[in-house]
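Student: I have a structure to go through and I'm new to it. Can we take it piece by piece?
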Amino acid sequence: MTRRLRVTRSGGFAGLRRERDVDIDDGTPATEGLRALLDSGRLRTAGAGQPDRFVYRITDDADLDVTVQEQDLSDDDRAVLDDALRG
Amino acid sequence: MWCTVVPPFLLERLGEAGSGRPAEAAQLTLEIDREQRARRRAGATGRPADDGDRGDREDRTDARRRIHDAEHAQRLPGELVRRENADASGDRAVDEAYFGLGATWRLYHEIFGRESLDDRRLPLVATVHFRRDYDNAMWNGEQMVFGDGDGELFNRFTIAIDIIGHELAHGVTQYTAGLEYQGQSGALNESMSDVFGSLVKQRHARESAGNADWLIGEGLFTDRVQGKALRSMKAPGTAYDDDVIGKDPQPATMDDYVETTEDNGGVHINSGIPNHAFYLAATATDGRAWERAGLIWYDVLTGGQVPPDCDFATFASLTVEAARARFDTDSDEATAVADAWRAVGVSG
């Protein structure tokens, strides 16, 4: 059974919302990175907002729902989420 | 309180109408009126009227600006490429950041008597060329950071002087009211940045409140995007409407307040409501926005009365009180501010 994730990015100076649904089992490098990030346990809802930073949210059909502030992500982890949004 | 019976624009037209006594009389009345207006403003602000920013590309200030180049990496602050009073670098983003920081510093210094963001002469540090295709600008608690944009939807974020003023205002808010970046207090934090960013732009263009376009981030979108700017304080919700990025989601009044968990509770969305209140207050009385409404908002932001979790209604009351304190209880300014918050549905 495939697992679908929804990745959303909101905030930033422009306040533009971006969203993309990702099939986590499609075997592409971008989703491999995303799967590894999910499995790592590093994605946890925490931290207060900072002016004009991006806010990422990852949900699935089950009970996954994490909101992470850009400044709380490592550069590599943030790049994985941005890649997922770009597709 | 300052009152005129004949509107100044009408007197000007009378004065131009050729020779003869009525024109002379009108001319004299106009001069006296101008003097009284200047004196009245000086009384309210402690200085003579100000008609705009006098900086230019060769500007020299005491802002202690430092512009760095991240060279598309993400290490901050990056290489120092232009410091205060140094010649233009020739790099457009560097020189725009330098100039915008100067214009913002001058607004605070010359109009509000503020010594930099912290009122303690904090050097103004900015980094440009942050990462690749970075579609953002921000204040990270210590300095400004500007991306180059992706070139498809967004141009470089130094392109509009009000974006630079917006980011620096986040610094001022951090050092003063400390509005929490969540929900209504977060939307007020955002609105402070749009308000003071817009004042930097209007003062640089030497515009009166009535002539300004009240757009935020004009020129930031590439010509592939259907939109004038990122936000409109005059008409929130109308800045853009595009197939790819969608429509400007900002409400102008509380009827359309957006409840959301995204963007820290919609801080970039619901800021449209206090933004529009400021626009209404600033345009209800004539003159320059930074000379009246801007002073009132600044008094509130820095007055020590704003709680960190301030909601719109609390902020509205504080601006009405500040308008009465600075301009008289029954002044046009106090009435304009109270009317503005009623019009956006924040106060009854």
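Tutor: Helices and strands here are DSSP runs, helices being H or I of at least four residues and strands E of at least two, numbered from the N terminus. Chain B has 10 helices and nine strands. This is a predicted model, where local features need pLDDT of at least 70, side-chain atom pairs count only at pLDDT 80 or more, and totals for chains, interfaces and linings use all residues. Residues are numbered from 1 along each chain as its sequence is written, and chains are lettered from A and ligands numbered from 1 in the order in which they are written.

Student: What percentage of chain B counts as buried?
Tutor: Of its 348 residues, 49% do. A residue is buried if 20 or more other C-beta atoms, placed from the backbone, lie within 10 Å of its own, exposed if 12 or fewer, and partly exposed in between.

Student: Where is B:Phe154, and is it buried or exposed?
Tutor: B:Phe154 is in the loop between β5 (144-146) and α4 (161-175) of chain B. B:Phe154 is buried because 25 other C-beta atoms lie within 10 Å.

Student: Which residues does B:Phe154 touch?
Tutor: Leaving out residues up to four places away in sequence, B:Phe154 touches B:Asp135, B:Gly149, B:Leu220, B:Phe221 and B:Thr222. Contact means that the C-beta atoms of two residues, placed from the backbone, lie within 7 Å.

Student: Now strands. What does β3 of chain B pair with?
Tutor: Strand β3(B), residues 124-128, pairs in the parallel sense with β1(B), residues 65-69, over five bridges. Two bridges join β3(B) to β5(B), also in parallel. Two strands pair if DSSP finds at least two bridges between them.

Student: Which residues stand opposite each other there?
Tutor: B:His68 is opposite B:Thr127 in β3(B), and B:Ala126 is opposite B:Met144 in β5(B). Strand β3(B) is mostly covered, with four of its five residues buried.

Student: Helices next. How do α5 and α6 of chain B pack?
Tutor: Helix α5(B), residues 183-204, and helix α6(B), residues 263-270, pack at about 40 degrees with their axes 7 Å apart. Axes are lines fitted to C-alpha atoms, for helices over the stretch in contact, and angles run from 0 to 180 degrees between N-to-C directions. The angle makes α5(B) oblique to α6(B); under 35 degrees would be roughly parallel, over 145 roughly antiparallel, 65 to 115 roughly perpendicular, and the rest is oblique.

Student: What kinds of residues make that contact?
Tutor: The residues of the contact of α5(B) with α6(B) divide into two nonpolar, eight polar and one charged. Ala, Val, Leu, Ile, Met, Phe, Trp, Tyr, Cys and Pro count as nonpolar, Asp, Glu, Lys and Arg as charged, and the others, Gly among them, as polar. Among those on α5(B) are B:Gly183 and B:Glu190, and α6(B) includes B:Val267 and B:His268.

Student: And chain A, what order are the strands in?
Tutor: Four strands form an open antiparallel sheet in the order β2-β1-β3-β4. In chain A, β2 (18-23) and β4 (65-69) stand at the edges with a single partner strand each, so one side of each has no neighbour in the sheet. The twist averages 15 degrees from one strand to the next.

Student: How many bridges join β1 and β3 of chain A?
Tutor: Seven bridges join β1(A), residues 4-11, to β3(A), residues 54-60. A:Ser10 has A:Val55 in β3(A) as its bridge partner.

Student: How many residues does each chain give to the contact between them?
Tutor: Chain A gives 19 residues and chain B gives 22. On the side of chain A that touches chain B, β1 and β3 of chain A are the elements that give two or more residues. The residues of that side divide into seven nonpolar, seven polar and five charged.
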